[in-house]
Amino acid sequence: MPEILCRDASGKEIRRLVAGGTRLSDALRAIGLVLPLDCGGRGTCGKCRVMVNGESSLACQTLVDRDLDVRVTQHFLTEIEVEQTRWPQPMTGAPACLAFDLGTTTIVGLLYPGAGDQVYTAGLANPQRAIAADVMGRVGHAAQHSDGADTLRTLAVGAISRLTGTLLAASGVDAQAIVRIALVGNPAMAHAVLGLPIAQLGRAPYTPATFDALHHPAQEMALPVPTDIYVPPCVSGFVGPDALAASMACGLDQPGGWRLMVDIGTNTEMVLSNGKQAYCCAAAAGPALEGAHIAQGMSALPGAIDAVHVDARGCHCSVIGGGVATGLCGSGILSAIDALLGAGRLAPEGLLAGNQPCALTESVSLAPQDVRQVQLAKAAVAAGITLLLRRAGIVLDQLEALYVCGAFGAHIDVPGAMRIGLLPTIAQDKIQAVGNAAGWGALALAAEGNTRSRLEAFAAMCTDVPLNENPDFMDCFVAHMRLAAWQTLTAMEDDIE
């Protein structure tokens, strides 16, 4: 049986015997190193490049057929960092409870100890990224491999179990004291972790195995907690527990003016509501806004460019952690496009000067295909917003509030996002960056008994607006490909028509 010796960026070494013929990326995942496979392991994205016996190789295309000396630029899984933060809303009499938000890119856990207003939170990269960067890639993996669904479930359950142990240890709460648990994620993520059939979510009519809220024994996810896990219902095959939880956190179930929640991510969910009517959709934005499918894209880790400024002297970049830039995270990609657009080095149609990569630093460039990936993502999001407003029969000026949610939304430069047309041009005081609204909504579902009935009533109120069935979607999508601020919805409709 061959042996791999792997050294990570910190110099840490791990030796492991591996069955002959194992794919190297799978072997590395088993020892705690999750390499991004944005291409689904087809060998086209180059994100899993490592040094093998002194030669540059793609881990997804390398078989362990002999002893291998592997060197990687990533770090092995380290201790999860736990943060304490105040609950955004006053809580009275809430029991000790846990909540999980299964994002496509990141899995977040939240623990309320049952007293006070402090909440323990922790997150880690979703290990399913070792299968594919986006939801449909993972669904396809489940459909194409007999053990594909089991692999997805095992990876998610392992991450949840690890987060649970870390949060319990940090908070000092006994596992037996946890009274309630809630878990949210998009329908595919929720189906995968619950062991429900998932392959049908990859083909029309994209029907969930069930639309109902579920109660799942925590012990079946290897959690040492004597209770069930509550999972909210699905509205459609693309809008489900996380979008509903985020909507509750933003108060969309309460009567008021028209308010829009946009949870920006690989699968961007949107919900428009006035508390009496609600419309929802999901836009396939893809993972570009989170650094995937970008030539030098990466997560928001040390070495990632997170902001760009361009002047007569050239490009000036802010790098997370300082030091040499090694790639671009989502906020850096948007900032670079906004800055180059403003400097005239990028045309609104998406063409870089000379149609050549633009060097941001000596080591990091923005490529023409990167710009196109962002155009596709932002056009999908903007088209979704446009069609939701149209379905409700309102215009932008009638929006009372726009809640921008998700990890990406928490760090977004709102003016820049409006200048390139990702977000509509409205008064900035109407826009609120909420952060992980889905996670906070999930914690409220675990903490408050009546929140679940409120959410289920709101889910029944929601009308799904499937973009893939909308005859206006493609024209609207094409109109929003342009890197420019929205004029008004009326003007956009004139352009479409």
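**Aromatic cluster**

Trp-87, Tyr-112 and Trp-440 are joined into a cluster by ring pairs. The structure is a predicted model, and a search through the whole of it turns up 5 aromatic pairs. For Trp-87 and Tyr-112, the ring centres lie 5.1 Å apart and the planes meet at 85°, so this pair is edge-to-face; the cut-off for that class is an angle over 60 degrees.

Strand β5 (residues 55–58) contains Ser-57. Is Ser-57 buried or exposed? Its relative accessibility is 17%, so Ser-57 counts as buried, the limit being under 20%.

Leaving aside residues up to four places away in sequence, Ser-57 is in contact with Cys-48, Arg-49, Val-50, Val-52 and Thr-62.

An open sheet is built from 3 strands, arranged in the order β19-β18-β20 with mixed pairing. Its edge strands are β19 (314–319) and β20 (327–328), each of which pairs on one side only.

Strand β18 (residues 304–311) runs antiparallel to β19, and 6 bridges join the two. Within this pairing, Val-310 has Cys-315 of β19 as its bridge partner. Helix α6 (residues 330–342) packs on the sheet and touches β18, β19 and β20. The direction of helix α6 makes about 10° with that of β18.

**Confidence along the chain**

The protein chain has a mean pLDDT of 89, and 96% of its residues reach 70 or more. Where in the protein chain is confidence lowest, and where is it highest? The lowest value falls in helix α13 (residues 489–496), with a mean of 45, and the highest in strand β25 (residues 462–464), at 97.

The pLDDT is below 50 over residues 488–497. In the model, this stretch has 13 contacts beyond near neighbours in sequence.

Key:
Residues numbered from 1 in each chain as written. Predicted model: local features only at pLDDT ≥ 70, side-chain atom pairs only at ≥ 80, totals over all residues. Heavy atoms only, no water. Phe/Tyr/Trp six-rings, centres within 6.5 Å; stacked < 30°, edge-to-face > 60°. Helix = DSSP H or I, 4+ residues; strand = E, 2+ residues; numbered from the N terminus. Buried < 20%, exposed > 50% of the residue type's maximum accessible area, 1.4 Å probe, protein only. Contact = heavy atoms within 4.5 Å. Pairing = 2+ DSSP bridges. Axes fitted to C-alpha atoms, helices over the stretch in contact; angles between N-to-C directions. pLDDT = per-residue confidence, 0-100.
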